[in-house]
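Student: Could you show me how to read a protein and RNA model, one feature at a time?
Tutor: Gladly; let us look at it together.

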Amino acid sequence: MAPDAPRVRFAPSPTGYFHVGSARTALFNWLVARQSGGTYVLRIEDTDAERNREEWVDGILSALHWLGMDPDEGPYRQSLRTNRYHQAIDALWDAGRLFACGCTHDEVIARNKSAGILTPGYDGHCRDLGLARGDGRALRFRTPDDGTVVVPDAIRGDVEFPCSAMDDFVAVKGSGAPLFVLANVVDDIDMAVTHVIRGEDLLPTTPRGILMWSSLSDLGWTTDGTFGEAGAPTPALPAFAHLPMLVNEARKKLSKRKDPVAVESYRDQGYLPEAFVNYLGLLGWSPPRDEPEIFTRDQMVSWFALEDVNHSPAFFDVAKLTHMNGEYIRAMAPSDFVEACRPWLEGDAAPWPADAFDAAVFAAMAPVVQERVTVLGEVPAMVDFLFCDTPVFDPDSWAKSVVGDDGAPAILAAAIASYESLRADWTAAALHAATLAVAESVGRKLGKAQAPIRIAVTGRRVGPPLFEALEVLGPDRTLARLRDAAGRLAAGDVPSA
RNA sequence: GGUCCCAUCGUCUAGAGGCCUAGGACACCACCCUCUCAAGGUGGGAACACGGGUUCGAACCCCGUUGGGACUGCCA
């Protein structure tokens with residue numbers, strides 16, 4: 001690796017699930033590292049004890065693994081680096097960059113309100129009181145009174161923030177625990193991060209980080225050797241890139257309450273990681289002109305450039321994701337498809353008893369299923385008639401196209417007679433021809449005539465091609481189900497689903 | 001309220017002053033194909049927020065307006 005190779009970091013906070021926006025951020029970081037021979041670092045920002053749950057961290061790791069973006073380095077845990085933050089806090093305190101403040105948030109608001117100030121934000125109450133550290137006092141960062149902080153952003157250009165609009169923010173909790181900006185900056189310094197690529201929601205706090213960075217730099221702060229040499233001076237400010245937000249239909253930031261944002265749920269529904277990553281790549285970026293939207297990871301790596309990332313928010317469109325997933329599924333080698341389906345077919349998740357599943361039977365049916373599903377989670381419902389003792393009847397289908405069809409009894413009777421003679425030549429082609437004859441005998445087109453048969457055998461009006469399904473099901477079970485349906489129909493019985 | 005960001009079809013986007021009577025994809029509609037459903041094929045409707053500049057010429061540059069969003073926490 002070149003000594004000046006980029007070092008990017010993906011720095012999620014554990015939240016209990018892996019957000020699709022985080023996945024997009026991870027991807028763009030990963031792309032920059034891959035295309036430049038750089039290093040992609042994972043850092044868990046768990047300074048908040050509330051968010052420091054082991055299984056949540058495992059969730060991040062497994063989601064990244066599923067996406068094919070395992071870190072090159074890390075995970076580092078901020079919760080394990082508190083000593084280092086305290087060194088920074090002491091240095092900042094000794095230099096007078098921090099001051100103690102005993103005000104609660106409510107007190108600040110109350111003071112502002114009584115002073116007739118609608119503007120939220122710290123009023124500077126304790127700034128020059130010379131309060132001592134301790135006694136549960138928070139430590140605030142003394143921001144400049146005037147001047148401008150410039151955030152050099154690879155996507156948006158220089159963004160300027162007037163210091164006059166910046167209040168003295170809390171950098172250390174009353175408990176002594178460091179907060180986001182401080183830990184984040186100290187880590188980026190120690191880990192020699194060269195590119196900070198993150199969501200646009202962090203843009204407004206970036207000037208605080210830059211102020212923190214320069215203070216540490218001014219103080220002669222040196223790196224701790226996490227990466228590279230211990231004792232090296234504060235590195236130059238990294239490049240920044242703030243990615244556009246991912247929004248919902250209401251154009252609001254994706255909400256964990258209202259929107260389907262958990263990557264895990266997409267995985268569980270049967271989206272393929274490659275399709276998911278491909279779609280994510282289309283959110284805020286697009287391949288070169290004239291290139292199709294479906295592309296490989298390698299192509300993305302070679303084409304991607306931070307400078308080409310869009311500025312405006314993108315709607316996470318599940319319909320488009322789903323379409324792309326279908327494309328990826330259809331493009332799979334048949335054996336890969338069969339293999340990929342296993343989690344949905346074997347074990348407790350399947351809608352049939354575990355020992356009822358027959359891999360060879362599924363494999364025979366798989367090709368026609370592969371062409372019809374958009375997510376793997378749809379597979380069981382397409383083949384359950386093969387593994388359940390009796391079909392899972394859709395009440396509506398049964399009512400409309402069997403009970404509600406005057407011709408159904410005759411069709412079923414004719415099909416039973418016809419199929420019975422086909423036992424020796426039980427193939428889709430023979431079944432097709434036989435059913436065509438049945439249809440003719442009742443004066444119908446095949447499309448209309450096959451409905452009662454399909455429902456009797458599979459339980460539903462829609463499904464895989466009927467004759468392939470019958471071939472795989474076999475003559476015994478097919479005929480038994482046809483007789484069963486005909487019998488119940490004659491008895492006026494409506495089966496429960 | 002303050003600071004900042006953003007603005008091309010319903011959606012994701014192409015477009016970096018003349019190639020634009022604005023292209024593609026998803027979604028939608030119609031037709032074709034067809035054993036259901038998909039897939040596939042063909043066709044269709046659908047956008048440069050508005051107003052000023054700059055320029056021979058603006059979706060593209062500048063300013064303003066409007067609209068949307070983010071942040072404004074001892075969360076990250």
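Student: What should I know before I start?
Tutor: This is a predicted model, where local features need pLDDT of at least 70, side-chain atom pairs count only at pLDDT 80 or more, and totals for chains, interfaces and linings use all residues. Residues are numbered from 1 along each chain as its sequence is written, chains are lettered from A and ligands numbered from 1 in the order in which they are written, and side-chain values use heavy atoms, with hydrogens and water left out.

Student: How many residues surround RNA strand B, and which are the closest?
Tutor: A residue is near a strand if one of its heavy atoms lies within 4 Å of it. Here 64 residues surround RNA strand B, and the closest are Thr47, Lys173, Lys252, Lys253 and Gly284. They divide into 26 nonpolar, 16 polar and 22 charged. In this count, Ala, Val, Leu, Ile, Met, Phe, Trp, Tyr, Cys and Pro are nonpolar, Asp, Glu, Lys and Arg are charged, and the others, Gly among them, are polar.

Student: Which parts of RNA strand B lie within 4 Å of the protein?
Tutor: Of those RNA atoms, 72% belong to sugar or phosphate and the rest to bases. For single contacts, look for a polar contact: a pair of N or O atoms within 3.5 Å; within protein, one must be able to donate a hydrogen and the other to accept it, and residues adjacent in sequence count only if both atoms are side-chain atoms. A polar side-chain atom of Arg251 lies 2.8 Å from a phosphate oxygen of RNA strand B. Gly284 uses a backbone N or O atom, 2.6 Å from a phosphate oxygen. Arg454 reaches a base nitrogen, with a polar side-chain atom 3.1 Å away. Elements that give two or more residues to this surface include strand 5 (138-141), helix 10 (318-331) and helix 17 (446-458). Helices (H or I, at least four residues) and strands (E, at least two) are DSSP runs, numbered from the N terminus.

Student: Where are the domains of chain A?
Tutor: Domain bounds come from an automatic or database domain assignment. Chain A has domain 1 (81-242) and domain 2 (395-491). Taken over C-alpha atoms, their centres are 73 Å apart.

Student: Which residues touch the most others in the largest nonpolar core?
Tutor: "Buried" means under 20% relative accessible area, "exposed" over 50%, and "partly exposed" in between (1.4 Å probe, protein chains only). A nonpolar core is a set of buried Ala, Val, Leu, Ile, Met, Phe, Trp, Tyr and Cys residues joined through side-chain atoms within 4.5 Å. The largest one has 60 residues, and Phe337, Phe362, Val383 and Tyr419 touch the most other members. Another core lies apart from it, with 50 residues, among them Phe28, Leu254, Trp285 and Leu306.

Student: Is helix 8 mostly covered or mostly open?
Tutor: Helix 8 is mostly covered, with seven of its nine residues buried. The buried ones include Phe276, Tyr279 and Leu280. Among the elements that cover them are helix 1 (20-36), helix 2 (54-66) and helix 9.

Student: Is Arg297 buried or exposed?
Tutor: Arg297, found in helix 9, is buried because its relative accessible area is 13%. Its side chain reaches the backbone oxygen of Gly68 at 3.3 Å. Contact means heavy atoms within 4.5 Å, and Arg297 touches residues including Trp30, Met69 and Glu274, not counting residues up to four places away in sequence.

Student: What about Asp145, buried or exposed?
Tutor: Asp145 sits in the loop between strand 5 and strand 6 (148-153), and it is exposed, with a relative accessible area of 56%. Its side chain makes a polar contact with the side chain of Arg127 (2.8 Å).

Student: How do I read backbone angles?
Tutor: Most residues other than glycine have a negative phi, and most peptide bonds are trans. In this model, Asp135 has a positive phi of about 55°, and Asp290 has one near 75°. Asp135 is exposed, with a relative accessible area of 73%, and for Asp290 the value is 73%.

Student: Which residues does a cis peptide bond join?
Tutor: The cis bond joins Gly74 and Pro75, with omega about 10°. Pro75 lies in strand 3 (residues 73-77).
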